[in-house]
Protein chains: 2
Amino acid sequence: MSHELIDRHQATLDRALAALADRDYWSPYPESPRGYGEPVALEPLQGLELLLDQPGTDGRVGPGSADGGERSPYGPELAVAYPHAGDPAALVAAARAAQPDWAAAGPLLRAAVCLEILARINARSAEFGTAVMHTTGQAPGMAFQAGGPHAQDRGLEAVACAYAEQTRLPASAEWTKPQGKRDPLKMVKEFTAVPRGVALLIGCNTFPTWNGYPGLFASLATGNPVLVKPHPRAVLPLALTVSAAREVLAEAGFSPDLVLLAAERPGEGLAKTLALHPQVRVIDYTGSTEFGDWLEDNARQALVYTEKAGVNTVLVDSTDDYAGLLANLAFSLALYSGQMCTTPQNLLVPREGIGTDQGHRSFREFVADLSAALDRLLGDDARAAALLGAIVNPGVLGRIEQAEKGEFGELALAPRPVAVPDWPDAVVRTPALVVLDGAEATLPGECFGPVAFLVAVDSAARGVELLAETVRERGAMTASAYTTSPEVEHAVVAACLDAGVSLSLNLTGQVYVNQTAAFSDLHGTGANPAANSAYCDAAFVASRFRTIEVRRHS
Amino acid sequence: MSHELIDRHQATLDRALAALADRDYWSPYPESPRGYGEPVALEPLQGLELLLDQPGTDGRVGPGSADGGERSPYGPELAVAYPHAGDPAALVAAARAAQPDWAAAGPLLRAAVCLEILARINARSAEFGTAVMHTTGQAPGMAFQAGGPHAQDRGLEAVACAYAEQTRLPASAEWTKPQGKRDPLKMVKEFTAVPRGVALLIGCNTFPTWNGYPGLFASLATGNPVLVKPHPRAVLPLALTVSAAREVLAEAGFSPDLVLLAAERPGEGLAKTLALHPQVRVIDYTGSTEFGDWLEDNARQALVYTEKAGVNTVLVDSTDDYAGLLANLAFSLALYSGQMCTTPQNLLVPREGIGTDQGHRSFREFVADLSAALDRLLGDDARAAALLGAIVNPGVLGRIEQAEKGEFGELALAPRPVAVPDWPDAVVRTPALVVLDGAEATLPGECFGPVAFLVAVDSAARGVELLAETVRERGAMTASAYTTSPEVEHAVVAACLDAGVSLSLNLTGQVYVNQTAAFSDLHGTGANPAANSAYCDAAFVASRFRTIEVRRHS
């Protein structure tokens, strides 16, 4: 098969396939803003009108409609207009109509088109960074990286993984069965990967591209048209994504309706409507446990991939790099104000204290040391703002205020308002540390945002048990442990394997438990209640298509 | 990793992995009874007491209990006793207790143990053939092949597929990320495949081993203990399987409770009880649509793989080998009295007739020719019995009688009783052909057993439409078409790809639409209502385990 886009992207695809198998560091998308041109300000994005020519459009979402549209967590209105579809079924019908040609294109051309979409998005990373910053509240540096190149990495990973799985069977095979003295039986068999049907991506508020691209590109690469239903507070990054995809699809001779934006006005419940449509056969969702559970229970005609809420635990037993531990933990707690599904929340520390290269530290000393580390990290407002970003929504702010009032337990480190240069209306807070030092009570459930709990436990062994219980009962996206004891390490590894969570051990440098690298780390496991799938293993893509065989005598 | 069983089976595993990728003919299990010793009579199996030492056993299923146990479709009682578990949860608990050591064994040793189980079963193929014959009613030759080597092929295929998917990620990987002038970040990452939990195999009456082994071995090879709940009329083949598995597991140093028989007394509804147990996390089922739908709707804590009922269609448009077509179709209809989920049922033939190398044949001439081909094939009772086998249950016999009375339409070929040498009580009938030649009415729904419908359609194009509609609305395990027209071929291939069924084109020799070969043909597609999965693609195994990552600085 020859096609200009295949020629352009074959080498990248091959390299991505090798990276998937090797799991060493690799990315075709540089993560430094250098080379992506000047930063893009918010102003050129404000007032955009995007995708208003989509099929089924009967009006606008955003300015001019009742709600007025997105507002940046940094303050300003975005004032971007998106298409509104009066009849959601029209979106499904347009997507379904686009499917046959895309299905017929085959896995390689589909992969090449997806890589071209990602390349176009990559070239516009500065713009995506600004869009992500002003919908999620991420600080500019993180919005660029996580919303730009790192999200693109996860998209490319899904494309490569989908290509690999679709090509496990040869397109055509000869079959010759000996028949003793008679002529052998000879058949030719053709294997064709076919899509399941229309896919639906339901985006989240905090990582619209990073959490959106795996499902979007896995579905698209396996031949399924995709309806993109963004979170109402984070439409712009996915609308820009849909624009780029439609542009490339049309240029490549396919219907742009293979990717459609499904924006909604307040109260429309569009995700539910689309999720129950009989032609919607694949759903990817990141968000609350409540709606994820609803999807799993009700969208029975579809494959449903969910990433929901969890409670991430850190076990602190001992370390030979106490300064590194404190710095690493403080950074993990501060990054994007703890508004990551991977942020540690419950820090389990033996009541008797921990062994360190700076001597034994009591539980209370550890609390003080971690508080001091956070103070050091976040003492300067400008530096703090560049790490914390803004509080994404009033729910998170409410929990910070509860912590401040002592409603969650003893407040060991109070959250502090931070002023952000240029964005006086941004709501920014440093993390709160809450100490739970009584007889072991119920561990805190999910408390999304910058509130971490330092929990005294009877022993490291008891901490291991509590970590596993938390994973099993509440789910977790990450687990972390610090120990120099082979016994404790063995126990915590065994507990994580059994409970079903991935583990970071003794992180004291520039790798943080909340961050995973595409092509190497899996994000989630699918083995505990926090998520039923992982970015990006074979299980994430292998059921998005089916294989049809045609056989005949040769 | 070194282990005697790995040494013994590594080459077979490697060859199986190559076969999975090549899709050429291969099997390590010869399909001829020669080399498997003398045929095994029924008598030595009658009166066996199997597995009565399983945990949780509080009595017997079979002789000595209320129902008396299995009766051969050929007449005799089997009188084999199986264990009864008073508390089904005890089986789940025993299985779950056996899981950790098996999980820790890793994919390679698990595959080797599975291959040893299959080798033991293979060596006893003659015994399995007899057990399958006298539970399913298959004729001896088919019972041996389909219940023995061909079932073992499907089991091995599942083991190899599971091994391949579990080893896509390396067990350990180095990750080095450049940091400009600073030292690179270096991590070591370990990836471990972990099981989901207890698996449940719910067996069927007609192919207890062939339809049972894919799920059984896919689950076991991915680390999940398996509860084997056989169909009450076909316990023996799976009980022998469980015996062999437990023997090998114990010899290899694992708990035999990794594979447990869950036999039941009439009315206990054990499949439902086990399917809803919270620790049952994977279910494989072959059987009625009604119960398959129930499982999918209710066993929400588990991955559910179902093969249910469908309606298989043959489109007859034209042929350059009319004699071959007739002989092939007659064989397909007669084999095991049409009691295969893959048997063609609705034969769509243009009302204007078909083009052949013997000239044009009208619809009515085709009906007469196919009837004559069936008469030729089945004219001799002994030969007929060796192909037809016995009617498996009263439900099938009832439908034959309905056909005979003309209740399904015009009876073109009446079913004929066939006397079976040695088995005077066996109920054997030749297939009935029913003609539907009115204005196109509703096509017949599923009519499991030896009743085929010859349906006059307005044109080949209309036949293609009806084939696709049938697949979409009623599901299908197979589709077949005869045509010399490139246009019709193109249309039927496109229809099958779109509707989601695999297609056999112009079968006129010794390959039959009802038969698929492991390592080459997929059985089912998972793309239409007849089944949600296929033997055996990556999707069939990739979600039976999850991958847990442990990472640390190197």
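**Entry 1: the two domains of chain A**

I found that the centres of domain 1 of chain A and domain 2 of chain A, taken over C-alpha atoms, are separated by 33 Å. The model is predicted, and I note that local features need pLDDT of at least 70 and side-chain atom pairs pLDDT 80 or more, while totals for chains, interfaces and linings use all residues. Residues are numbered from 1 along each chain as its sequence is written, chains are lettered from A in the order in which they are written, and side-chain values use heavy atoms, without hydrogens and water.

I took the bounds as 8–308 + 537–553 for domain 1 and 313–505 for domain 2; such bounds come from an automatic or database domain assignment. Contact (heavy atoms within 4.5 Å) involves 18 residues from domain 1 of chain A and 21 residues from domain 2 of chain A.

I then looked up the buried area, which is the accessible area (1.4 Å probe) that two parts lose on being put together, summed over both. For this domain pair it is about 1300 Å², with 68% given by carbon and sulfur atoms. Pro73(A), Tyr74(A) and Met142(A) supply 33% of the area that domain 1 buries against domain 2, more than any other three residues.

**Entry 2: chain B against chain A**

I next turned to the interface of the chains, where 72 residues of chain B are in contact with 72 residues of chain A. The two chains bury about 5700 Å² between them, 51% of it on carbon and sulfur atoms. I recorded 14 salt bridges here. I looked up the one between Arg546(A) and Asp537(B), whose closest N and O atoms are 3.3 Å apart.

On the side of chain B that touches chain A, the largest share, 8 residues, comes from β17(B). Helices (H or I, at least four residues) and strands (E, at least two) are DSSP runs, numbered from the N terminus.

**Entry 3: strand β13 of chain B**

I noted that β13(B), residues 432–436, is largely enclosed by the rest of the structure, because 4 of its 5 residues are buried, that is, under 20% relative accessible area with a 1.4 Å probe, protein chains only.

Strands pair if DSSP finds at least two bridges between them. β12(B) runs antiparallel to β13(B), joined by 3 bridges, whereas β14(B) pairs with β13(B) in the parallel sense over 5 bridges. I located Val434(B) opposite Leu411(B) and also opposite Phe453(B) in β14(B).

Notes:
Buried < 20%, exposed > 50% of the residue type's maximum accessible area, 1.4 Å probe, protein only. Salt bridge = Lys/Arg side-chain N within 4 Å of Asp/Glu carboxyl O.
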